[in-house]
Structures are given as structure tokens and as C-alpha cells.
Amino acid sequence: MIRALACALTLAVALAAPGHAADPPNERVVAGLGADSIGITAAFTGSQVLIYGAVKRTAPEPEDTPLDVVVTLEGPAQPLTIRKKSREMGIWVNTSKVRIAAAPSYYSVASTRPLKQILSPEADATQRISVPKALRAFEGPLEVADARPYTEAMLTIREREGLYSAHEGAVHLVEDTLFRADFALPANLTEGDYKTRIFLLRGGQVVDTFQTAIAVRRVGLERLLFVMAQDHAPVYGVLSLILAGFAGWAAAAAFRLIRN
Amino acid sequence: MQIYLPIAEVSVNVFLLLGLGGVVGVLSGLFGVGGGFIITPLLFFLGIPPGVAVATGANQVVASSVSGVLAQFKRRAVDVPMGLVLQVGGLAGAALGVWIFNRLAALGQIDLVVQLAYVVLLGSIGLLMLQESLRAMRRNRSPRPGARRKQHVHNWIQRLPLKIKFRASGLYISVIPPILIGMGVGILGAIMGVGGGFIMVPAMIYLLHMPTKVVIGTSLFQVITVSAFTTLMHAITNHSVDMLLALFLIVGGVIGAQLGSVLSGRLKAEQLRILLALLVVVVAAKLGADLLIRPADLYSIAVGKQG
């Protein structure tokens, strides 16, 4: 752990891009991941993600405002449609919809304290940290006059499914220097790069940010089947049929044996 | 035991899938229906995306139909020439149905059309079958001489050209009515995303006057081709067949189909018809209720570009 941290530290120092060109911040964040990649196998039931890091200082720590850390984890974006049912001639049917060009398939934000206390609305609006703000970033041209009920409904549904979440107090900050956050990724993950962002906050303002990504990929049989279904669709289709035909024949043959 | 499905991108319980496949397999072997009209809604319920559910359901129907038809072949309960004639119509109808489906999708009302088609078709077929088989049962209890089933179909049907002898069914009729029926079922099946067995079985009994014992095997025989065609179309155009999901449904399904065909050999034809009729009515009532009762959540999310 300490070695990994030291590694991450040197790496981050080497790569660190200045956040504010004019006035380099006194505090910088360096961070690492428990694992750079997650493999989705057939037995995949979800995964734990550990994000850890440290605050590097060039000057003594300011005393007036407390330090807070926010960590976000964001899955690959997908196009989606939110539909609303209404009653037409006695039956409930989908009558209106809002299409969203790209919404994150997963979004989780963990923080040392409740976001309302540590993040100013302006900083949230520019960095799009809280769940509703993160979603706003994806809204495209809208087909209905007021899309807000639709996006709110989507938020509720996805929070219920565990795809969008906010965990206040889930970032553990030690001595205002070392921090860690644990995320539990659900089993119904989408393949892609999961973007990780870390924000250092003081007095509601963002002091420094750090970004990295975790690669979530299908592996083994999952990968083989997916690639074949996409790239060799006719072969895959025929194979599915052969599998079905063979299984049907085998069951018939087996039952004949049992009965004789 | 959970398993992650590579195409559906969800993790589900293996035993749930085996059980689901088994139930549908029993229905398939018992009634000669593919079970698409039951498995597809059940897969939605498990959280499988609709496109994947429809395509993979078709694949599982192929397996349970193969398993069922082999058992029926053993009992000489398949009218092969009739099955082939129905398939010719069925494939033409399925191709036409896919085209109609895409036209309706472009108009934006496909969901409602499909739901209403389910309720209306299942409801009316189920009720008609139920009424007819109850009447037949009562007739059997108090047998009257001379009240036998008409041996000859309507006169104009008899006068159509291209007559063929269907020995297993004991029919000598034109191929035109079976081709048209196959086509009609193919169109409806493609629009509703099912093999169409539940429409085909009553059509064979009531329109073609085939004996019930031959109907099941022959229906299974033709369902194989139509659902194989559907599976292939979905695999090629939408990449939505999940082989791993299909595998577990199939393993449950083929065993179920064998049990079902053993059961169907033990039940009387009228009892079989009443059971199928009841099943169809129950599914129709459930789907109808979904349209009438206020849903718990008015909003729903569909992932993907279309919708």
C-alpha cells in the first residue's frame, strides 16, 4: 500500500498538469486505484473499487477553512429514452418521451461530508459534481417543453436500481492528507472506461482536481461471445441455431434412453 | 448462482433461467406452442432488455420445438407435407411481417400495436377455444348418434385448385388455405415477436379441421423454421441474441418439452384444448389488466438509440 502510494505520488508529480496557470495551488491531489481494470467474467457479480490518494502541499496548510475531498466514479455514456405513460381512451400507453443523447450508465459520488456543506452551487455547476448536475451535462436538444420531470424520474429509477448514488461521508480523510473511497459496482455493469474524478475542496471552492479511468472489460467467454455477436453476426446466429438444435436432439435422445 | 450475460449486460440467477426455460418447455411439448408469448414477457420481468428478450426467446423456441417434434415424430404425430406447406407461407409472412413492423416503428406506435394485438388475439382465440372445447366435452358426455363432426370443409375451399393428399391428417385439400394461414401467422408472429404457435394450433384445428393429435407435432415442426428464421434475422441485424442466456433457457426448455410431450400423450384432446385455452385467456387477461390499471411508475427508461 505504501509503496503503491509512493509510486502513485511520483507518477502524479511527473504528470501533474497545473490546474490554475496563473496561481499554482498550494495543495495538489495525487491518487491511485486499487486496480486499473476490472474483468467481467461469466461469474461476475459486481466489484469493489478502491480509490486512494494523498494531498501534497508546497506551503503550510491554511487554517481558516477545512479540507474536503469528493470522489466521483462515472460509467460510459449511453443514449436513452425516457417515456411517460398517460391514460388515453381508458388504457395506459406511452404517450410522450424525452431522448437523451448520452447519459452515464453509472454515476456515484462519495464525499467526506454532505455536498451541500462543502461545495458551492457555482463550483458544482462548473464541475458538474453532484448527481443531478452530472446528468445535466448530458442533456441534448429536447422534444418536450419541460424535460425536468423526465430527468427527475430517470434519477429516481436509476437510484432505485443502484446505478446512480451519492455517499456522504464515504470518503475517509486522515490528518487532512491521506484519503480513501470505496465503491461497490453493481453486477449489471456496462463495458467501457469508468472515469474517476477527485476534487479537493476548501471553502466551497475546488482547489485541485485529479482524473483517471478504470477499464471495465469483458474477458474470456464473455469477450468471445460479444465480439462474435458483433463482428461475425451470421456465424454467431447459425451457431446459436446449431446449439438449439443439438440441445433439442440431445434431450429427446436422452429421454428415449431413460424410457427404454 | 449468478451469471453475467454478455449481450444482455445483466447478471441473473442460473436456476431462475433453468426453471423459466423448463416451464416454457413443458408448455411447448404439451400444446405445440413455442411459448414465445410467455417467455418474452417473463424475460422483460427479469430485467433483460426487450430486444435481447425477443431475439433470445426465439432461439430458445427453436430448441424446445426440436426437442418436442422429435418426441412427436416417434409417435407419428407429425404431418410433414402439411408442415412444409405451412412453412412456405410462414416464411413469406414473416418477411412481410418484419417489413410491417419497421413501418409501424417508423410511425412511432409499435408498442401499443403489439400490446393491443396480444390482448385482442390471445383473448379472442382463448375464449373461442374455451367455449368450443367445453361444448365438445358436454357433447361427449351425452353422445348423440349422427352429431359427428363434419367431414367436409366449406364447399368453396373444396373447389380450390392444387389439391394434395395429407395422409397423416386424413385430408385432401388445396394447398392454398394452409399457405394463407401460414402467411397470416407469419405476419402476426413477426410483429408480435413470437413463433405464432398459439395462433397456428387453433387455426389448424378450426380452419383446416386437422385432428388434434397431429396438430401439435405439425405446429412444432413449422414453428422450428419460422423461429429459426427470426433468430437469424435478429442476430444479423440487431446483434441481440444472447447465447449464454439461450443456453440456460434451452437446457431447462428441452427437458421441459420432453416432460410435456409425455404428458400430452396421457391427456385427452379436449382436456388439452381446455388447458391451452385457459392459459391463453390468463395471459391475455394479465396483459389487458396492465393496459387498464394505473402503472406504479408512469416513467420508464429504455437504453439505446431507438425508442
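**Domains of chain A.** I looked up the domain assignment of chain A in this predicted model, and the assignment gives domain 1 as residues 2-218 and domain 2 as residues 220-260. I then checked where the two touch, and I noted that domain 1 of chain A brings four residues to the contact while domain 2 of chain A brings five. On the domain 1 side, I sorted these residues into two nonpolar, one polar and one charged.

**The core.** Next I turned to the largest nonpolar core, which holds 155 residues, and I asked which members touch the most others: they are A:Val70, B:Ile250 and B:Val280. I noted that this core lies between domain 1 and domain 2 of chain A, because both of them give residues to it. For A:Val70 I listed the contacts, leaving out residues up to four places away in sequence, and I found A:Val109, A:Ser111, A:Leu119, A:Ile129, A:Val171, A:Phe199 and A:Leu201.

I then followed an open sheet of three strands, whose order is S6(A)-S5(A)-S5(B) and whose pairing is antiparallel. Its edge strands, each pairing on one side only, are S6 (91-104) of chain A and S5 (299-303) of chain B. I recorded an average twist of 25 degrees from one strand to the next.

Looking at how the chains join here, I saw that S5 of chain A, residues 77-88, pairs with S5(B) over five bridges, and that A:Lys84 stands opposite B:Tyr299 in S5(B). Helix H5 of chain A, residues 148-160, packs on this sheet and touches S5 and S6 of chain A as well as S5 of chain B, with its direction at about 80 degrees to that of S5(B).

Terms used
Residues are numbered from 1 along each chain as its sequence is written. Chains are lettered from A and ligands numbered from 1 in the order in which they are written. This is a predicted model: local features need pLDDT of at least 70, side-chain atom pairs count only at pLDDT 80 or more; totals for chains, interfaces and linings use all residues. Two strands pair if DSSP finds at least two bridges between them. Helices (H or I, at least four residues) and strands (E, at least two) are DSSP runs, numbered from the N terminus. Axes are lines fitted to C-alpha atoms, for helices over the stretch in contact, and angles run from 0 to 180 degrees between N-to-C directions. Two residues are in contact if their C-beta atoms, placed from the backbone, lie within 7 Å. Domain bounds come from an automatic or database domain assignment. Ala, Val, Leu, Ile, Met, Phe, Trp, Tyr, Cys and Pro count as nonpolar, Asp, Glu, Lys and Arg as charged, and the others, Gly among them, as polar. A nonpolar core is a set of buried Ala, Val, Leu, Ile, Met, Phe, Trp, Tyr and Cys residues joined through C-beta atoms within 7 Å. A residue is buried if 20 or more other C-beta atoms lie within 10 Å of its own, exposed if 12 or fewer, and partly exposed in between; C-beta atoms are placed from the backbone.
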